[in-house]
Amino acid sequence: MRSFAGKCWTVVSVAAALLLLSAGVASAHVTVSAPGVTEGASDAAITFRIPDESATANTVGVKVQLPTDHPIAGVLVAPVAGWTAKIINTKLATPIKTDDGDITEAVSEIDWAADAGGGVAPGFFGQFTIIAGQLPKGVSTLTFKAIQTYSDKTVVSWIEEAAPGSTAEPDHPAPELNLLPAAAGSSSAVLSGLDSGASSSAVRSSASGSGPAAAAATTATVTAAPAIAASNAASKGSVTLAIVIGIVGVLIGAAGVGLGLASRRRPVVR
C-alpha cells in the first residue's frame with residue numbers, strides 16, 4: 001500500500017515539475033503587444049517585454065528594429081528609469097502620404113542602454129513602451145526584430161522568422177504584432193497604462209520631411225518610469241499556468257482513485 005502510494009506521488013511530482021519547467025521556457029521569448037490595436041490606428045501604445053534568461057548576468061542593452069517596409073509614422077518613446085533611449089531615424093524610399101504632407105523619415109531603430117550597474121536582473125523582465133503616431137494601413141502583421149545584450153557580453157538576437165508555410169517556431173523568433181482589421185475596432189487606440197506625466201516626458205522622433213537625407217540619431221536621458229499596463233504575454237502566462245494547474249489536479253485525482261482501488265483490494269482481517 002505504501003509503495004503504491006509513494007509511486008503515485010512520485011509520478012504526480014515529476015509530471016508537475018516537467019510541466020512547470022516547460023511553461024517557463026515557452027514564455028521566455030521577447031514579445032510585443034498592443035491589445036486591441038487595429039490597422040491604421042493612431043496613438044497606439046506598443047509594449048516590448050524583455051525577460052532575462054541568464055542565471056548570472058543582467059540585461060543591459062535592448063535594440064528594437066522597427067519595420068521600414070511598413071513604417072510607423074511618428075513615434076514616442078516612454079521613459080524607463082535607469083535606461084537611456086536613442087532613436088534612429090531613416091530616410092524612407094517611399095514617403096508616407098498624410099493630410100499634412102509627405103513624411104520622408106521614420107524611426108527604424110530604438111536602442112535602450114542601462115545605466116552602469118543597472119539593467120534587468122536574472123529572474124526578472126523589463127518592459128519598454130512606445131506610442132505609434134500612425135500605424136500602417138493594409139497590414140495585418142508587423143515584425144520587430146530585437147537584440148538583447150547581457151552584462152557578460154552575451155548577445156541574443158531575436159530576429160528569426162518562420163519559413164513560409166511552416167508552423168515550427170524558431171529558437172529565437174522575432175516579436176510579431178498582429179493587427180486587427182480596421183473595421184474590428186475604432187481608428188484610434190486608447191493609451192492604457194501610460195500616465196500623463198510619462199506621455200508628456202516621452203521622446204518624440206522626427207516625423208517630418210525636414211530631416212537630413214542620412215539616418216539621424218537622437219539621444220534622450222530618462223529620469224522617471226511610466227506605469228505600464230499588462231501585455232498579452234502576461235495573459236498567455238496566466239493561461240499556461242491555469243492549464244498546468246488543471247493537469248496537475250487531474251494527476252492528483254487519478255492518484256487518489258488509484259489509492260482508493262488499492263484500499264478496496266486489501267483483504268479484510270476478522
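# Close-up views of a predicted model

Figure 1. E39 sits in the loop that runs between β1 (31-33) and β2. In this predicted model, E39 is buried and yet takes part in no salt bridge. What the side chain of E39 does reach is the backbone nitrogen of G138, at 3.3 Å. Leaving out residues up to four places away in sequence, E39 touches P136, K137, G138, V139 and S140, and also L179, L180, P181 and A182.

Figure 2. Move along to the loop between β2 and β3, where D52 is found. Is D52 buried or exposed? D52 is buried, and it has no salt bridge. The nearest side chain of opposite charge belongs to R49, 14 Å away. The side chain of D52 instead reaches the backbone nitrogen of S54, at 3.1 Å. Not counting residues up to four places away in sequence, the surroundings of D52 include A57, N58 and T59, the run V120, A121, P122, G123, F124 and F125, and also Q148 and Y150.

**Figure 3. The salt bridge between K97 and D102.** Side chains of opposite charge can pair when their charged atoms come close. The structure holds two salt bridges, and this view shows the one that K97 forms with D102. The closest N and O atoms of K97 and D102 are 3.3 Å apart. K97 counts as exposed because its relative accessibility is 66%, while D102, at 41%, is partly exposed.

**Figure 4. The salt bridge between E161 and K145.** Here the side chains of E161 and K145 meet in a salt bridge, with 3.8 Å from N to O. E161 lies in the loop between β10 and β11 (176-178) and K145 lies in strand β9, so the pair ties together parts that are 16 residues apart in sequence. How exposed are the two partners? E161 is partly exposed, with 45% relative accessibility, and K145 is partly exposed too, with 29%.

Figure 5. N178 is part of strand β11. With a relative accessible area of 54%, N178 is exposed. Its C-alpha lies 8.6 Å from that of A34, although N178 and A34 are 144 residues apart in sequence. Setting aside residues up to four places away in sequence, N178 touches V37, S140 and T141. With T141 there is a polar contact, side chain to side chain, at 3.2 Å.

**Figure 6. L66 and the largest nonpolar core.** The largest nonpolar core has 38 residues. Which residues have the most contacts inside this core? They are I46, L66, W112, I130, L135 and F144. Strands β2, β3 (59-65), β4 (73-77), β5 (83-98), β6 (101-114), β7 (125-134), β9 and β10 each give two or more residues to this core. A second, separate core has five residues, among them L92, I96, I103 and A106. For a closer look at L66, leave aside its neighbours within four places in sequence: L66 is then in contact with I72, V75, V107, S108, E109, I110, I130 and F144.

Figure 7. D43 is not a glycine, yet its phi is positive, at about 55 degrees. D43 belongs to strand β2 (residues 42-51) and is partly exposed, with 38% relative accessibility. K153, also not a glycine, has a positive phi of about 80 degrees. You will find K153 in the loop between β9 (145-150) and β10 (155-158), where it is exposed, with a relative accessible area of 72%.

**Figure 8. Stepping back to the whole protein.** The secondary structure comes to three helices and 13 strands. How many of the 270 residues count as buried? The share is 40%. Among contacts with a separation of 6 or more, 78% join residues 24 or more positions apart. The accessible surface comes to about 14,600 Å², and 59% of that surface belongs to carbon and sulfur atoms.

Terms used: Residues are numbered from 1 along each chain as its sequence is written. This is a predicted model: local features need pLDDT of at least 70, side-chain atom pairs count only at pLDDT 80 or more; totals for chains, interfaces and linings use all residues. Side-chain values use heavy atoms; hydrogens and water are left out. Helices (H or I, at least four residues) and strands (E, at least two) are DSSP runs, numbered from the N terminus. Buried means under 20% relative accessible area, exposed over 50%, partly exposed in between (1.4 Å probe, protein chains only). A nonpolar core is a set of buried Ala, Val, Leu, Ile, Met, Phe, Trp, Tyr and Cys residues joined through side-chain atoms within 4.5 Å. Contact means heavy atoms within 4.5 Å. Accessible areas come from the Shrake-Rupley method with a 1.4 Å probe; for residues, only the protein chains shown count as cover. Lys and Arg count as positive and Asp and Glu as negative; His and the chain ends are not counted. A salt bridge is a side-chain nitrogen of Lys or Arg within 4 Å of a carboxyl oxygen of Asp or Glu. A polar contact is a pair of N or O atoms within 3.5 Å; within protein, one must be able to donate a hydrogen and the other to accept it, and residues adjacent in sequence count only if both atoms are side-chain atoms.
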